[in-house]
Amino acid sequence: MIIAVSGKGGVGKTLISSLLIKSLKGGDRDILAIDADPDSNLPEALGIKVERTVGNVREELKKDTAAGNIPQEANKWDILDYKIMESVIETPEFDLLVMGRPEGSGCYCAVNNMLRKIIETLSSNYDIIVIDTEAGLEHLSRRTTQNVDIMLVVTDTSKKGILTAQRIEKLSKELDISFKELHLIVNRVKPENKDDVLKKVSETGLNIIGTVYEDEIVYRYDIEGKPLIDLPDDSSANTAISMIVKDLKLK
Amino acid sequence: MFEDIPVDVSPMYEGERIRSANMFVELGGPKSSGAELVQVAEDVEDGSLEVVGSELSEMSEGEIHPFGISIQIQGEKLEKELEGVIERRVHELCNYVKGFMHLNQRDQIWCRVSKDAVEAGFKLEHLGKALSILLKEEFPIIEKIAVSIFTEKSEVEAFLETARAAYDVRDTRAMEISDEDVDVFYGCVMCQSFAPSHVCVVTPDRTALCGAINWFDCRAAAKMDPEGPIFEVTKGEVLDVEKGEYSDVNAMVSDRSQGMVDRVYLHSVFEYPHTSCGCFEAVAFYVPELDGIGIVDRDFRGETPLGIPFSAMAGQCSGGKQVEGFTGLSMGYMRSPKFLQADGGYERVIWMPKEIKESLTEFIPGDLIGKIPTEEDAGSIKEIRKFLKEHEHPIIERLKQAKGEVEESETFEEVSDEGEITPTAQVAYAPELSMHAGGGVKIILKNAKIYAEKVIIRKK
């Protein structure tokens, strides 16, 4: 089961992704979180310190190859495979893979081609994969996987956020990313504006699976730099996500 | 066949990863050490299996142990050269065992055993057993096989030394493999999404332009995914051994480039140089004034002696175009003894950035090292010529000879001075310039240089 969370930068994708993981973990299923947005901070939201990203691994391999440090006969697939496994951060309840920065100059066709297959193989070992991805769907189309089961598009109540959400639906079709379901999550809704906002959002024609209210405690966690995954179980954001997980029959 | 092994053994478990949360123990890997080695030997006791050190049943959950797999094989047709090929299969075959994860090769192996496998009664002895059965099945030339597994620290350390010595021997041999030693080369069209007519020909002496893959990598990739972007190509008839021209390579390139390119010289920048995708690590460019070849790499930010930076040059000769006088290169190719051999190799090189020159010290013939200028020694053609003369670069002899043939009365010194007094500025340089002249005629200027005494830019 692959769940991708996308949306315009700053709409709260990371909040949604981390709470999804919070809500899904604890069972006997193997969970992998993939941070595929170079601008996001999913690791911090999950309370994890990252030492090495896929981007780092990619650059290391490029450098070692150019300098002739890799024995001729050694298989680069295997080396890359090992290094990717090494960059997976393993916790008792879920694992995390951080894609990191996009590539520098030079040719990355070969290494990206290898990476795509390696990450596919790695992912096939997990029951649930949650990908926090950027609005351009770069990683989905080129690097990680093109098969998404559930695409969750997050928007805030701004016009721009809603427009981006609409564009993501179109883009995923253009990029040939197949998904079985696509739903919209509206974040940072003020209770008093709810009806108004939902009316506007429903005009997009996208199915709204959940609404997350603006919550003082989320701001406080952000300011204090506390991991969002540690938000209290009864916080409104967490309750909303648990409902979504139930509605999607993920638990 | 595997009835006394308590877990499933099947190719369907390839790619199995064991999360630390589901793992019983880790063997080798980044937090410990480990190695595997296949050796052809005499007097192998067929079917022998031993575990030196603790068995899984003697380990505790969550531990990390050093790990070694030593496989000795014997057979009439077995040669030492096959050790590497057979050893490469150990990775896949270990992964056939359900609940056993194996990554990478040589002294970089990383294994894990799952809790489920240990609960089912799985032991390292079973791993050894599975390996000996699977290897014999896959390589019928193996008549006798013995497997030793080490988990005892001192044993693993001693084994690591033996293994590393064996890898060194193998690597030296692999370094020496040249185009003549193999029957097939590989074609790669991974970059065709943006350079539709570009085909890389990868040979033991010529790694792909991007530098990412060599002949061995292609062999592995073509085997894993025969329908993929990397495929085998036979040599066919050897048309020119010096230039590196082969009939089947020409046919393949013609086919895969949609007829855009039908001849390729693997080891020359002249006539039919290898095409370039756009992502090469460096470019070799012909400098007509000096009849020599300059090299510039992607990381060099300054201007080349042609007056343009790497980026501009890359733009002109990339995209799968065959442009005489230019060819994309990988750093690896510059370490090959066949490096532009048809053009004279390093004897023809008259300029290169300091950084790459330093990285190639071992590969540039010793007597030439001091004779090839870098950006610190010379920037313009004039400065380069001066440097080459002062340092007696072999190209000077070549230039003199060429001049002598054309105009015997005129000395080389005079010509060069005359040429440089003329106050002209080069305003444009194009390796290939095509103009539509009307009437269905197209004029192509190759290596065109446009000189002007004065350039006037005026508003209309």
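Tutor: Axes here are lines fitted to C-alpha atoms, for helices over the stretch in contact, and angles run from 0 to 180 degrees between N-to-C directions. The model is predicted: local features need pLDDT of at least 70, side-chain atom pairs count only at pLDDT 80 or more, and totals for chains, interfaces and linings use all residues. Residues are numbered from 1 along each chain as its sequence is written, with chains lettered from A and ligands numbered from 1 in the order in which they are written.

Student: At what angle do α3 and α4 of chain A cross?

Tutor: The axes of α3(A), residues 54–66, and α4(A), residues 76–87, cross at roughly 150° and come within 9 Å. Helices are DSSP runs of H or I, at least four residues, numbered from the N terminus. That angle makes α3(A) roughly antiparallel to α4(A) (over 145 degrees).

Student: Which residues of α3(A) make the contact?

Tutor: Val54(A), Val57(A) and Leu61(A) do, against residues of α4(A) including Ile79(A), Leu80(A) and Ile84(A). Contact requires C-beta atoms, placed from the backbone, to lie within 7 Å.

Student: Changing topic, how many residues of chain B are in contact with chain A?

Tutor: 37 residues of chain B are in contact with 32 residues of chain A.

Student: Which helix supplies the largest share on the chain B side?

Tutor: That is α4(B), with four residues.

Student: And how is chain B divided into domains?

Tutor: Domain 1 covers 11–176 and domain 2 covers 182–421, with bounds from an automatic or database domain assignment. Their centres, taken over C-alpha atoms, are separated by 42 Å.

Notes
Helices (H or I, at least four residues) and strands (E, at least two) are DSSP runs, numbered from the N terminus. Angles under 35 degrees count as roughly parallel, over 145 as roughly antiparallel, 65 to 115 as roughly perpendicular and the rest as oblique. Two residues are in contact if their C-beta atoms, placed from the backbone, lie within 7 Å.
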